[in-house]
Amino acid sequence: MNDLNFPILSALIFLPVAGAALLLLISRSNESLIKWISLIVSTAAFIISIPLFTEFNKSTHLMQFTEKHSWIPSLNINYSLGIDGISILFVLLSTLITILCVLISWNSIKAKVKEFYISILIMEGAMLGVFCALDFMLFYLFWEAMLIPMYLLIGVWGGSNRIYAAVKFFLYTLAGSVLMLVGIIVLYYQSGRTLDILELTAKTYPYPLQLWLFWAFFAAFAVKVPMFPLHTWLPDAHTEAPTAGSVILAAVLIKMGAYGFIRFSLPLFPEASRAMTPVMLALSVIAIIYGAVICLAQTDLKRLIAYSSVSHMGFVTLGIFALNLQGMEGGILQMINHGIVTGALFLSVGMIYDRTHTRQISDYGGVASVMPVYAAMFMVFTLASIGLPATNGFIGEFLIILGGFRANQWAGVLAATGVIIGAGYMLWLYQRVFFMETKPKVAGLADINLREIITLLPMIILIFWIGVYPNVFLGFMHESVKHLLERVNSGGAHEASIAKNILEIIK
Amino acid sequence: MVPLNWYLILSAAVFMIGVFGFLTRRNIIIIFMSVELMLNAVNISLVAFSHYLQDMRGQILVIFIITVAAAEAAIGFAIIIALFRNKDTVHVDEMDEMKG
Amino acid sequence: MPFVMPDLGPVMPEIVMTCLALLILLADLVIKRKETIAFLSIASAAIVTYLLAGSAGITFKGMFIADNYSLFFKLIFMLNVILTVLISVKYIAIEKVNFGEYYSLILFSTLGMMLMASAGDLIVLYLGLELMALSAYVLAGFLRHDIKSNEAAIKYFLLGSFASAFLLYGISMIYGLTGTTDIYKIGEEVNRLIGESKISTSSPIHPFTHSPLLLSIVMFAAAFSFKIAAVPFHMWAPDVYEGAPTSVTAFMSVGPKAAGFAVLGRVFLTAFGAARIEWTGILIPIAALTMAVGNIVAISQTNIKRMLAYSSIAHAGYMLLGIIAGTSEGMASVLNYMLIYAFMNIGAFAVVIMLRSEGFKGDNISDYEGLAKTHPLAAALMLVFMFSLTGIPPTAGFMGKFYLFMSAVSAGYVWLAVTAVIFSAISAYFYLRIVMYMYMKEPKAEVQLSASPGIALALAITVIAVLIIGVLPSKVISVARIAAAGF
Amino acid sequence: MNNYLLIPFLPLAAFLINILFGRKYLKENSHWVSILAVAGSWIVTVITLLDVLSGKIINEDLYSWIVSGEFKASVGFLIDQLTVVMLIVVTTCSALIHIYSIGYMRGDKGYYRFFAYLSLFTFCMLMLVMANNFLQLYFGWEGVGLCSYFLIGYYFDKKSASDAGKKAFIVNRFGDFGFGLGIIMIFLTFGTAYYAPVFSQAKNFAAQTVNFLGYDVHLMTLIALLLFCGSIGKSAQMPLHVWLPDAMEGPTPVSALIHAATMVTAGVFLVARCSPIFSLSETALTVVALTGAITALFAATIALVQKDIKRIIAYSTISQLGYMFLAAGVGAYGAGVFHLYTHSFFKALLFLCAGSVMHAMSGELDIQKMGGLKKYMPITYWTMLFASLSIAGMPGFAGFFSKDEILWLAYSGQSPVGKFVWVIGALVAFLTAFYSFRLIFLTFHGKFRGTHEQEHHLHESPKTMTVPLILLCIGAVASGWVGIPHLLGGGAHFMEFLKPVLGHSEANATHTEEWMVMAISTIAGFSGIGLAALFYLVKTDIPVRLAQKFNTVYKTLWNKYYVDELYSFIIVRPAIWTAKNILIGITDARIIEAVVNGVPKGLGEFSRILRKVQTGLVQRYAAIMALGLLIIVAYMLWR
């Protein structure tokens with residue numbers, strides 16, 4: 001079903017890749033042309049993605065804007081794209097974030113400019129591919145392909161400890177994903193040689209197999225999220241990456257893990273998911289509290305935000321594995337929220353880092369006196385991060401806690417404590433950076449310029465838009481989430497219910 | 001008639017002597033001779049099989065083996081000479097330029 | 001018995017190859033420009049490739065089989081020749097061994113490989129193998145004045161002969177057991193022998209009643225493992241790869257390995273097809289060990305040729321998965337991977353060769369520091385090859401591995417596939433280190449690249465192939481499936 | 001046209017205009033925007049009051065806010081008697097304090113920011129009181145908390161101010177934690193978060209128990225107590241009262257508006273609003289009553305010895321809030337709201353007077369350095385005196401009626417702890433009178449104890465400040481007259497007005513007793529004032545001697561019972577310690593990272609060991625090959 005008569009998703013995925021190819025041909029000395037092309041390409045991709053938002057049919061759970069072409073016919077692997085209410089928001093988020101990443105890097109990336117923008121654009125293509133793919137092979141292709149540009153982004157343009165962080169990021173995530181690869185292959189044979197996600201998710205698999213595969217997929221997704229014991233790559237990667245890298249990581253990349261749980265783990269292995277819910281809830285709650293408490297002792301700005309991501313993503317996985325409507329919708333919305341808010345926080349930190357070249361919180365103080373506009377914007381992000389009502393963070397966290405509480409009271413209650421600690425570390429951070437006496441390193445800094453304001457403005461608009469009128473966004477997901485939950489909560493019992501119906505008819 | 005097994009045992013024994021020689025001698029030329037010994041052990045068994053099976057293939061193979069062994073010797077000595085020119089030794093245990 | 005002229009059609013490429021190789025040897029006496037010789041050898045390969053197309057058939061009473069399977073391998077060999085010659089032209093000049101024999105030796109070695117791929121009889125197999133090996137020994141020691149090259153040649157030579165002796169011992173055993181050297185007839189015999197003694201197909205045969213068969217299987221496994229550099233018969237590979245001229249290393253890392261897999265597939269799946277349970281019992285531990293040793297030891301290497309040697313050992317381990325699967329699907333995945341491996345590995349060696357310039361060895365990993373700054377294009381190419389060797393999409397290496405693991409899983413070897421993916425994740429550690437040196441470190445010394453049109457062409461071919469197969473593998477996979485359809 | 005929408009959205013518009021254009025364009029004129037907006041709100045409020053008086057109750061949704069499955073929350077408005085009382089309090093105080101701020105804040109570099117925040121606060125507070133569902137209530141609740149955070153930390157370059165703001169927010173979060181769970185429990189119980197269905201159905205669940213975290217608890221008690229957690233935080237009751245005294249770091253108009261008149265009373269409003277739920281749980285009511293009573297006493301005792309003028313008033317606020325909860329806890333919601341209403345006037349007035357004093361004293365806060373200010377600032381003196389008389393419960397003043405109502409209903413009501421809290425209430429009335437007049441006497445009477453320079457500067461505040469003082473003073477004196485009890489010949493109109501929402505608590509005692517209760521509280525007030533006069537006007541050495549004699553008591557009171565220190569010791573420091581030493585130091589670094597870094601490290605180490613096998617010796621290689629072969633053969637033979 002594609003009402004647009006135009007392969008919009010393919011265009012979306014390959015436009016940035018084509019842009020990257022175009023950049024290859026441009027002389028590396030012509031930096032401003034490279035930047036402008038990247039900006040134009042990323043903006044064009046965003047514009048192309050707007051019809052998705054406007055033309056999307058909210059009344060169905062079916063995949064929309066689908067495209068299907070034979071890819072590897074001998075293995076029955078297809079080039080198949082489509083989005084539903086779960087993925088559409090991520091597509092839009094990715095296209096938006098990329099523009100901001102191009103903008104934020106305008107002056108701060110000085111070396112290997114060409115390679116940088118090529119990496120960013122390829123990254124965008126791969127991210128969009130992950131969210132649009134309807135064939136497991138295609139999904140995996142994009143999923144892994146993302147590692148290359150990200151590895152380079154961290155390792156080439158990152159901070160002082162960048163190499164360690166880059167290698168750690170790469171190996172951690174690769175080690176997780178390769179197990180999923182075997183899982184995918186096993187699934188391929190179990191399902192009678194297909195990798196079409198829709199077909200795969202319509203079949204039932206024996207429970208022991210579900211369990212094995214659940215954990216194989218867990219390895220890939222949990223590392224990406226990252227869930228509790230697998231989170232240690234994240235602080236290093238986020239901290240060392242250049243601003244654009246941190247933003248992409250925080251805003252989109254780590255969402256893919258949670259997206260994977262929703263798109264694959266739950267519908268493919270409904271029984272295993274249900275059985276593993278206690279474990280997943282426990283890990284989520286640990287992540288929430290653990291990440292939040294650890295933030296209290298951070299001395300590095302980016303590291304603190306990175307650990308806060310662990311906590312916030314704990315909310316997301318909690319919502320997902322609450323396995324009820326509020327939790328799931330809250331989880332999905334919170335992924336978007338976290339993308340916006342943490343992305344914005346990293347963007348903001350990048351802006352001040354460009355001025356002071358320090359990430360140590362103790363070097364800051366009194367920034368609000370010298371940079372009032374910046375301080376105000378950062379305050380909005382801080383508030384969204386701690387989930388103040390009327391910001392997007394509240395909607396997500398409230399629905400998640402509601403859903404989590406329904407699923408398991410302890411999970412809901414403990415998760416709610418994360419909100420308290422969250423306010424603690426974020427406000428403390430804000431105080432140390434923006435309030436109190438102006439520190440020498442900060443004195444005389446220029447307030448953010450128009451380019452930077454434009455970079456942050458979309459985030460502020462989104463924060464309040466989602467916060468005040470979230471139904472626009474929640475509306476996208478109702479049908480898809482409902483359908484998914486039917487699958488998860490009835491999976492396995494499905495045959496039984498059919499048999500029961502037949503019996504009733506006979507009677 | 002000598003039973004087949006005797007040939008085979010002889011063949012195996014000669015082969016093992018060849019292997020043992022290969023593993024223990026220092027001089028490359030002697031090591032190479034050990035290889036020849038191993039090849040000849042195979043030849044013995046091939047000829048024995050050929051005779052036992054009343055089939056020509058075994059003997060054909062033996063001829064080929066002998067031929068190839070000759071070629072191998074030519075190339076082997078060429079390499080040994082090249083090495084000797086550079087290193088002034090034919091002792092195999094002195095060749096550990098590359099390891100690890 | 002009247003002499004019947006055998007059908008020479010199927011064997012025509014090999015005959016032409018022989019003639020051309022000899023011709024080039026002669027031409028070397030009159031032509032002084034070695035580039036011309038190089039061009040001639042590429043032309044020969046092209047001619048042979050052209051002839052390959054119409055050469056299907058079985059001749060010499062089944063001793064020579066030109067089927068799709070051998071055809072696929074021969075295409076890999078031709079590709080190997082062309083790419084090797086392209087990257088050699090400037091390199092052997094720099095190494096001051098610019099002799100015409102170099103090219104004819106490559107062609108002779110390739111001829112041996114072709115014979116191996118087409119061998120329908122163990123005698124042909126042995127002859128092909130020796131022809132390939134003897135030429136390769138010489139090539140490995142081609143840098144006559146370089147002690148490392150001498151050492152490489154002597155090690156390769158001694159261990160190669162040692163392994164050949166085992167092969168021969170195995171041949172003699174199976175000959176004695178079955179009374180034939182024809183691979184397909186051996187297969188029938190073995191099937192009959194095992195069928196007589198076996199209750200069910202899945203239970204292993206009794207070891208003592210079939211000791212000659214088992215012994216020959218073991219011997220074959222050892223000899224072929226030597227050729228493909230599988231643990232524990234891999235010990236020669238690192239030293240020889242390091243010592244041999246880099247172009248020859250590139251050649252050896254693909255050609256003999258491919259030929260080894262060609263005969264391994266043919267012999268094990270045909271001749272010992274009935275004894276699958278027996279030889280999988282040998283090959284599974286070998287495969288696991290090969291992946292382990294190759295990937296783990298590669299981590300601590302400082303010489304890039306040596307690292308690539310261990311990497312090539314590891315790749316042999318992955319490819320064994322396809323053989324172990326024992327299905328035509330498995331064979332197809334091996335063929336597919338072999339082709340992909342040829343592209344990515346020679347591509348990597350092409351970059352390595354470029355770093356070798358007058359008075360600069362350029363084979364230490366630390367020489368790659370900051371390459372992205374001084375030579376961004378070369379670094380980018382190396383990046384593609386490294387990611388492909390790691391198996392990261394969208395490069396061909398990923399598709400190859402994916403297909404391999406798929407075949408292993410389909411044959412039920414899930415745990416082997418899991419082992420393989422874990423080791424392939426570990427392999428990222430050392431491949432990425434090259435990328436890291438190139439992109440994330442500052443250049444220490446000015447590195448001169450010795451680029452030439454030949455290398456440029458070779459790199460273009462390999463990188464395009466790696467990327468195209470990475471994105472659109474469909475064609476290659478279906479061709480590989482056709483080639484492996486006989487198993 | 002829904003006029004009432006203007007009430008909250010005018011201040012919101014003012015906020016947006018000020019925050020966007022204030023810094024560059026409006027600057028010193030920022031107050032006009034805010035004042036016009038709040039004045040507009042006040043006018044609409046008065047119109048709405050008339051509507052409500054004529055019986056028109058509004059309850060409608062503006063739009064649906066969050067919809068997820070069966071969960072639905074809207075932005076919607078409920079305007080009934082309770083709301084309108086709160087509206088009057090909020091808009092009136094807000095308007096007067098806005099005007100006062102023109103003079104008080106003049107010349108401050110963040111002038112626009114201050115008014116922007118005040119407007120935002122007014123908006124949030126109005127959204128809070130006008131909500132028709134719990135989620136919007138929560139929105140307003142958090143919103144006012146945020147504004148409180150902004151305004152407490154208004155002088156953000158001062159560490160103490162930013163500390164105080166942060167503390168206020170975080171301590172409130174602890175309360176909101178319970179409040180949020182309460183809302184979730186309400187939704188899970190009733191399937192909706194709207195007031196109307198929840199309150200009408202609450203009775204159906206009166207006897208239900210529910211499993212909460214493994215314990216079977218009475219459902220209504222659980223919900224009521226969870227909601228009350230929020231009240232405790234917002235209204236600074238024990239044990240979450242610690243933020244309010246520190247909140248005095250904010251500018252004084254803020255203390256008056258947020259931390260006296262409006263925001264802190266939101267907790268009382270919540271309990272009153274949820275009275276249908278609270279009434280179903282005797283346990284919850286008892287907890288509310290005791291919390292209120294204990295807090296009232298506790299804060300009053302601390303206020304006895306403090307020296308900081310604003311802190312004394314802050315503790316007095318906590319104490320008075322305790323009074324309101326005491327009232328709610330004995331079921332006298334109406335009395336509680338009545339006290340809320342009168343308190344907002346006299347307490348705002350007290351703060352504004354304190355601000356006026358500080359203005360004159362160039363920011364001095366220590367009442368021991370004041371004295372004799374009466375002659376310099378007569379308006380401030382007289383208004384503050386009236387406010388103090390009101391808070392001390394002197395007959396005729398507003399405070400008298402509301403306080404008396406509370407004590408009477410506590411004494412006569414059904415509550416099992418009624419008599420007990422009545423005794424405390426009476427005691428607190430005495431203490432209140434004492435510390436209020438201690439403040440008056442030390443500040444305005446006697447000789448000036450400050451520096452010479454300060455004395456030179458002493459002056460009465462400008463008109464923009466004194467006019468609101470006078471207006472508030474009228475409220476402080478007369479606002480109680482709408483609720484004169486029947487006993488004194490009044491009509492108790494206030495309680496009658498709120499009856500439809502809050503119900504009515506029956507007094508089951510005689511008129512004699514009512515007279516007696518009234519007499520006792522009046523006597524308590526008088527004696528408090530008398531004692532203060534004795535201590536601080538006549539025999540000024542007594543307080544010092546007492547402090548020396550009961551040093552421990554004095555120290556404990558002076559240090560506010562060491563609650564701050566206790567929290568720092570049991571919550572803040574352990575959390576940071578755990579983060580540093582256990583989470584970062586052990587779990588992350590020694591366990592997870594040890595594995596993560598250990599695996600590659602181990603592999604590298606293993607790699608170096610394995611390399612040694614590759615000796616470079618051909619015969620070793622051959623031996624390994626042969627050995628491998630042997631092992632394979634052995635394996636084949638004996639597998």
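Start by selecting A:Lys168 and D:Glu593, whose side chains meet in a salt bridge at 2.3 Å, N to O (a side-chain nitrogen of Lys or Arg within 4 Å of a carboxyl oxygen of Asp or Glu). The pair joins two chains, because A:Lys168 sits in helix α7 (residues 162-190) of chain A and D:Glu593 in helix α25 (residues 563-611) of chain D; helices here are DSSP runs of H or I, at least four residues, numbered from the N terminus. Both A:Lys168 and D:Glu593 are buried (under 20% relative accessible area; exposed is over 50%, partly exposed in between, with a 1.4 Å probe and protein chains only).

A note on the model: it is predicted, so local features need pLDDT of at least 70 and side-chain atom pairs 80 or more, while totals for chains, interfaces and linings use all residues. Residues are numbered from 1 along each chain as its sequence is written, chains are lettered from A and ligands numbered from 1 in the order written, and side-chain values use heavy atoms, without hydrogens and water.

Next, zoom out to the chains. Of the five pairs in contact (heavy atoms within 4.5 Å), A and D share the most contacts. Chains A and B have no contact, their closest C-alpha atoms lying 25 Å apart.

Now move to chain C and pick C:Lys155 and C:Glu151, a salt bridge with N and O 2.7 Å apart at their closest. They are four residues apart in helix α6 (residues 147-178) of chain C, about one helical turn.
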